[in-house]
Amino acid sequence: MKKEFDENIYTSISLAKLTLFAINEIANSGGECAYERVVKECFTLFPKRFSFRRYSEWPDGSRIKIEILRCRDKGWVTGNEKNGFQITSLGRRVAQEVLEELQEGMVKKSGTGQTRDRGDNIIKYLRESEPFKRFRQNKENFTLSEGEFRRLLVATFETPPRVLKQNLNYCLDICKQYRENELFEFLKECGRQKESLLKSYIKSKKT
């Protein structure tokens with residue numbers, strides 16, 4: 001069962017320290033500490049600190065990227081996006097201090113907790129979107145604009161391809177979990193039509 005921490009406690013801890021703690025959790029689990037995994041871990045553990053302000057159901061990957069770099073500047077982690085990140089001995093000591101702060105308010109996550117609420121909100125948001133309504137009416141001739149695609153993923157025209165891909169995958173995962181097959185098909189089609197917006201992300205993964 002995944003841990004959930006008291007938001008009244010973790011909201012008083014710096015973003016850099018919370019990011020370090022998330023990286024340490026990944027390292028302790030033996031997982032690969034890639035950028036996308038850090039985003040997921042930060043948002044899962046501390047949703048109130050790592051979500052968009054206006055759209056709390058979504059992780060703010062750009063903010064987390066900045067905090068990873070701050071952790072590296074402080075000597076808490078090493079590495080980069082291409083090869084992944086590793087926590088240093090100093091970072092582990094700081095992460096232990098963060099854990100001691102967090103344990104004051106640790107609670108167990110219930111089956112109807114915040115993760116389920118976020119998923120419900122995302123499914124509702126996608127179902128009520130104009131592109132999805134058009135998709136249901138005429139799948140064969142369905143098209144959407146770049147602006148619609150970005151709004152669907154709670155993004156602006158300045159949002160980089162990496163974050164677009166991250167948000168798209170996040171939605172696809174939610175649809176899988178909820179067995180929303182039609183929404184899943186819709187998102188896959190949206191991604192296919194706007195593949196050019198994600199090309200720089202795909203290229204960077206191959207280099």
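The model described here is predicted.

**Helices α2 and α4**

Helix α2 covers residues 15-29, and helix α4 covers residues 61-73. The two pack at an angle of about 85°. This angle falls in the 65 to 115 degree range, so α2 and α4 are roughly perpendicular to each other. Their axes are 9 Å apart. From α2, the residues L15, A16, T19 and L20 take part in the contact. From α4, they meet R63, E67, I68 and C71. By type, the residues of this contact are five nonpolar, one polar and two charged.

**Helices α3 and α9**

Helix α3 (residues 35-45) packs with helix α9 (residues 161-177). Here the angle is about 55°, and the axes are 12 Å apart. Angles of 65 to 115 degrees would count as roughly perpendicular, and those under 35 as roughly parallel. α3 and α9 are therefore oblique to each other. Their crossing is right-handed. On the α3 side, the contact is made by Y35, E36, V39 and F43. On the α9 side, R162, Q166 and Y170 make it. This contact divides into four nonpolar residues, one polar and two charged.

The two pairs are set out here.

| Helix pair | Angle | Axis separation |
|---|---|---|
| α2 and α4 | about 85° | 9 Å |
| α3 and α9 | about 55° | 12 Å |

**The hairpin of β2 and β3**

Strand β2 spans residues 77-80, and strand β3 spans residues 84-87. They run antiparallel, joined by four bridges. Together they form a hairpin, with three residues between the strands. One of the pairings links V77 to I87, its bridge partner in β3. In a regular strand, side chains alternate between the two faces of the sheet.

**Glycine 119**

G119 sits in helix α6, which runs over residues 114-127. Is G119 buried or exposed? Its relative accessibility is 0%. Buried means under 20%, so G119 counts as buried. Which residues does G119 touch, leaving aside its neighbours within four places in sequence? The contacts are with I174 and Y178. G119 and D173 are 54 residues apart along the chain. Their C-alpha atoms are separated by 9.7 Å.

Notes:
Residues numbered from 1 in each chain as written. Predicted model: local features only at pLDDT ≥ 70, side-chain atom pairs only at ≥ 80, totals over all residues. Heavy atoms only, no water. Pairing = 2+ DSSP bridges. Axes fitted to C-alpha atoms, helices over the stretch in contact; angles between N-to-C directions. Parallel < 35°, antiparallel > 145°, perpendicular 65-115°, else oblique. Left-handed = near helix turned anticlockwise from the far one by under 90°. Contact = heavy atoms within 4.5 Å. Nonpolar A, V, L, I, M, F, W, Y, C, P; charged D, E, K, R; others polar. Buried < 20%, exposed > 50% of the residue type's maximum accessible area, 1.4 Å probe, protein only.
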